[in-house]
Amino acid sequence: MATNVNAEALKESPIPEVAAHTGKQTVDPYNVSGGVDANGVQLAIDYSKLIEEFGTKKIDQPLLERFERLTGKKPHRFLRRGIVFSHRDFELILDRYERGEPFFLYTGRGPSSDSVHVGHTVPFEFTKWLQDTFDVPLVIMLTDDEKYLFSEKRTIEEVQGYCSTNAKDIIAIGFDPAKTFIFSDFDFVGGAFYRNIVRLSKHITLNQARAIFGFNESTNIGRIHFGSIQGATSWASSFPHIFGADEKKTTKIPALIPCAIDQDPYFRMTRDVSARIQHAKPSLIHSKFLDALQGPGTKMSASVDESAIFMKDTPKQIQNKINKHAFSGGKETEEEHRRLGGDTSVDVSYQYLRFFLEDDDELEKIRVSYEAGELLTGQLKAICIRELQAYVSGFQERRAKVTDETVAHFMDRRPLQWVGNPRVTIV
Ligand code: ATP
């Protein structure tokens with residue numbers, strides 16, 4: 001495959017190994033697996049290897065210190081704990097913030113089920129925090145077309161139905177209505193957005209799409225084209241109602257895209273094309289995955305019901321799922337556990353606490369005590385259940401207040417209002 005690829009156009013797009021069947025690590029928009037060992041045992045995802053293979057940069061201490069200096073804000077727990085761990089050109093976004101130049105945030109969700117799961121709230125919660133921190137516009141794409149194209153079973157009516165329930169979930173994260181535009185691809189494609197989709201697609205060959213995404217001769221052409229839709233959303237000129245119609249100006253405004261790292265291939269492709277047609281390249285800030293309940297190595301997925309805790313789950317369901325399914329890093333017997341201690345690196349309850357427990361000191365105490373064998377698996381699970389129940393019920397209270405009118409407002413094509421860095425001038 002590599003020999004057919006336009007090397008110049010793909011200089012940011014090393015070809016990921018499409019290797020689920022050979023047992024190797026595979027991370028792309030359609031597969032997330034750390035691979036399996038010779039005995040068929042699932043391996044954890046090696047994120048350092050991903051940084052190397054994808055050619056991204058690790059978020060290091062100096063970058064975090066600069067962020068804190070510029071924004072005056074302590075880094076979010078996802079940044080402090082290396083959950084948001086990698087980036088492309090995030091420093092350029094900080095440069096723009098420092099100089100008072102505009103940029104915007106872009107993230108999204110593929111509506112594959114009627115409720116988001118706790119894993120989806122990772123990029124969304126982080127995006128809300130970035131919106132509060134930078135005070136910039138945010139666009140949220142609902143890829144209903146993608147979820148139709150990439151499934152044998154789902155109908156268009158089904159994914160469109162999920163759009164409004166998913167939009168309610170997303171709004172319940174707490175986004176600012178004055179600064180946030182949510183759209184469904186089926187509804188929004190057209191006009192300036194469609195011009196950009198076509199512009200982007202004109203610069204991607206079939207060979208490139210195959211090399212980046214692993215498509216073959218049997219792939220439907222809708223899937224092959226979809227990357228141009230996800231990519232064109234990162235260009236400010238797709239949103240004249242937010243940034244104005246003057247493309248000389250809007251093509252210079254970059255997006256900052258917070259997402260889990262499986263989405264990176266879309267934007268490697270988009271960055272290559274952006275550079276070739278004088279559009280601002282999107283910057284990215286990547287998060288790790290919240291593990292499936294079954295353990296590290298695969299992600300929690302709405303398409304795999306038993307892997308996930310959904311944001312609509314009751315306290316009882318959360319308790320049952322953690323108690324029955326959450327993979328434990330504890331030992332076989334209590335005596336052995338007390339003697340040898342538990343392994344927090346694979347323990348799903350501990351890993352979920354790393355994502356959702358705010359207090360660094362409490363988290364550290366839990367880690368030390370579990371690894372020393374003082375805290376038992378049942379006790380660790382009880383802490384995890386308590387924290388997740390509180391997180392999900394707080395969300396459900398906000399979600400109950402989101403009406404159809406609120407959704408209609410967020411999805412209305414309207415100008416947004418933001419202050420940004422006080423020195424920002426858009427026009
Ligand atoms: P599905 O749950 O149907 O498998 P998906 O994983 O493709 O859907 P999307 O809705 O397409 O999820 O993704 C929305 C955002 O959430 C993306 O940034 C994606 O990388 C992120 N995401 C999805 N699953 C997880 C997870 N388990 N942990 C962290 N982020 C996730």
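My notes follow, entry by entry.

**Ground rules.** This is a predicted model, so I kept local features to pLDDT of at least 70 and side-chain atom pairs to pLDDT 80 or more, while totals for chains, interfaces and linings use all residues. Residues are numbered from 1 along each chain as its sequence is written, and side-chain values use heavy atoms, with hydrogens and water left out.

**Strand β8.** I looked up residues 255-260 first. Helices (H or I, at least four residues) and strands (E, at least two) are DSSP runs, numbered from the N terminus. Is β8 buried or exposed? Six of its six residues are buried, so β8 is largely enclosed by the rest of the structure. I took buried as under 20% relative accessible area, exposed as over 50% and partly exposed as in between (1.4 Å probe, protein chains only). Side chains in a regular strand alternate between the two faces of the sheet. Here Ala255, Ile257 and Cys259 point one way, Leu256, Pro258 and Ala260 point the other way, and all are buried.

**Neighbours of β8.** Pairing needs at least two DSSP bridges between two strands. β5 (residues 104-109) pairs with β8 in the parallel sense over two bridges, and Phe104 stands opposite Ala255. With β9 (residues 283-287), β8 has a parallel pairing over five bridges; there I found His286 opposite Cys259. Together with helix α14 (residues 264-276), β8 and β9 make a right-handed β-α-β unit. Right-handed means that, with the strands pointing away from the viewer, the path from the first strand over the helix to the second runs clockwise.

I checked Gln278, in the loop between α14 and β9. Its phi is positive, about 60 degrees, although Gln278 is not a glycine. Gln278 is exposed at 63% relative accessible area.

Contact (heavy atoms within 4.5 Å) takes 21 residues from domain 1 and 20 residues from domain 2. About 1,800 Å² is buried between them, 52% of it from carbon and sulfur atoms; buried area is the accessible area (1.4 Å probe) that two parts lose on being put together, summed over both.

**Salt bridges.** My rule was a side-chain nitrogen of Lys or Arg within 4 Å of a carboxyl oxygen of Asp or Glu. The count comes to 30 by this rule, and the rule finds six across the interface of domain 1 and domain 2. In the Arg80 to Asp360 bridge, the closest N and O atoms are 2.9 Å apart. I also looked at Lys179 and Asp135, which meet at 3.1 Å, N to O. They sit 44 residues apart, Lys179 in the loop between α7 (156-172) and β7 (180-184), Asp135 in the loop between α5 (121-134) and β6 (138-142). Lys179 and Asp135 are both buried.

Glu152 pairs with Arg223 at 3.4 Å between the closest N and O atoms. Glu152 is exposed at 75% relative accessibility, whereas Arg223 is buried at 19%. Finally, bridges that share partners join Arg77, Arg80, Arg81, Glu125, Glu358 and Asp360 into one network.
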